[in-house]
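Please examine the structure below.

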Amino acid sequence: MLEDFKAVNELFPIVFQIASFVFGAIVGSFLNVCIYRIPAKRSIITPGSTCACGKPIAWYDNIPILSWFILRGKARCCNSPYSFRYPAVETLTGALFLFAWLNYTPDLAGIMMFFIALLICASFIDLDTMEIPDRFSIGTAFFGVLIAVALPQLHGNASSEYYIFNSTRSFFDAVIGLMVGSGIILWIGIVADKVLNKDSMGMGDVKLMGGIGAFLGWKGAIFSIFGGAVLGTIGISIALILQNIIPSLRAKKGEIAFGKHIPFGPMLAGGAIAYALFLRDYVDLYFNSVVDTLGNNF
C-alpha cells in the first residue's frame with residue numbers, strides 16, 4: 001500500500017500537491033471556527049457554521065477561499081459583511097500545508113501540518129485576545145514530546161536499527177528543545193520586566209515556546225525566538241508606516257504604537273514556521289559549526 005502511494009506520488013506529484021493545498025484550506029476553515037469560538041468558550045463542533053445573524057450557512061456558501069469572493073465578502077442571508085480574515089487564514093493554511101508536503105516525507109509532512117495548524121490557531125487567538133489558551137501552548141508541548149517518541153524521525157533519529165534507541169534519543173531531543181525554548185524566553189521576559197519596570201511577556205508565550213522546542217528541537221527553538229523577533233520587527237515597522245500613510249488605520253482600536261502591548265505569539269510562530277519549512281538546513285548547519293568550534297576550543 002505504502003509503495004503504491006509512493007509510486008503514484010512520483011508519477012503524479014502535482015495531484016498530491018494540489019490535494020495538500022485543498023486539505024490545508026479545509027483545515028483553515030475549521031481553524032477559523034476555533035479562532036472565533038474557543039476564546040468565547042463555545043463548542044467548536046455544534047452548532048454548525050452560522051452567520052453573525054444566527055442563521056445557518058449553507059454548504060455552498062461555506063467553500064474555503066472561494067465563497068468569500070463569490071459572495072463579495074457579504075453574507076447571503078443578511079447581506080452583512082464578514083472579515084477578509086476568513087479566506088486569508090484558509091489560503092495561509094493551504095499554502096503552508098503545501099510547503100510542508102514539498103519539504104518533508106509524507107509521514108513528517110502530516111506532523112508538520114498538525115504543528116502548523118496549532119501555531120496558526122494560537123497566533124490568531126493571541127492577536128484577538130492577547131492570550132494563548134493552554135490547549136495550544138501546553139498541548140503543543142505535550143504532542144511534541146509524544147510524537148517525538150512515536151516518530152523518532154521528527155528529530156532525525158533513525159540511525160539505529162533498534163526503534164527503542166531512536167525513540168529514546170528523540171524523546172530527549174524534544175525535552176531539551178522544550179526546556180531550552182521555554183527557558184530562554186522566560187529569562188528574556190524576566191530581564192525585560194526589570195528593565196522596563198512592567199510586565200513585558202505573558203506565560204502563554206513561555207509555554208508556547210516550550211511546545212515549539214518540543215517539535216523543532218533546541219536549534220529550532222533558538223531560531224524561533226530571535227528569528228521571530230526579526231520578523232515581528234519588520235511587520236511592526238510596516239504597520240507603523242501604513243498607519244502614517246492611511247489615517248483611518250490610526251483611529252482603529254487595534255492600532256500599533258510604541259509602548260503598547262503587542263502579542264509575541266505570532267512572532268514566535270512565524271519564526272518556527274520559517275525554520276521548519278524554509279531555513280532548517282541552513283540554521284542547523286550554522287549551529288553545528290558553532291558547536292564544533294566550541295568543542296575544538298575547549
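Q: What makes Asp134 partly exposed?
A: Asp134 has a relative accessible area of 41%. Buried means under 20% relative accessible area, exposed over 50%, and partly exposed in between, with a 1.4 Å probe and protein chains only. Asp134 is therefore partly exposed. This is a predicted model, in which local features need pLDDT of at least 70 and side-chain atom pairs count only at pLDDT 80 or more, while totals for chains, interfaces and linings use all residues. Residues are numbered from 1 along each chain as its sequence is written, and side-chain values use heavy atoms, with hydrogens and water left out.

Q: Why is the pairing of Lys207 with Asp134 called a salt bridge?
A: A salt bridge is a side-chain nitrogen of Lys or Arg within 4 Å of a carboxyl oxygen of Asp or Glu. The closest N and O atoms of Lys207 and Asp134 are 2.6 Å apart, so the pair meets the criterion. Lys207, at a relative accessible area of 28%, is partly exposed.

Q: What does the pair of Lys207 and Asp134 tie together?
A: Lys207 lies in helix 8 and Asp134 in helix 6, so the pair ties together parts that are 73 residues apart in sequence. Helices (H or I, at least four residues) and strands (E, at least two) are DSSP runs, numbered from the N terminus.

Q: How many salt bridges does the structure hold?
A: The structure holds 3 salt bridges. One of them joins Asp128 and Arg85, at 2.8 Å from N to O. This pair links helix 5, which holds Asp128, to helix 4, which holds Arg85, across 43 residues. Asp128 has 45% relative accessibility and counts as partly exposed; Arg85, at 27%, is also partly exposed.

Q: Is Asp61 buried or exposed?
A: The relative accessibility of Asp61 is 11%, so this residue counts as buried. Asp61 forms a salt bridge with Arg76, with the closest N and O atoms 2.7 Å apart. Arg76 has a relative accessible area of 53% and is therefore exposed.

Q: What makes a set of residues a nonpolar core?
A: Such a core is a set of buried Ala, Val, Leu, Ile, Met, Phe, Trp, Tyr and Cys residues joined through side-chain atoms within 4.5 Å. The largest one here has 57 residues, and those with the most contacts inside it are Met112, Ile212 and Leu216. Helix 5 gives the largest share of this core, 15 residues.

Q: Which residues is Met112 in contact with, leaving aside its neighbours within four places in sequence?
A: Met112 is in contact (heavy atoms within 4.5 Å) with Ala100, Tyr104, Leu154, Leu216 and Ala276.
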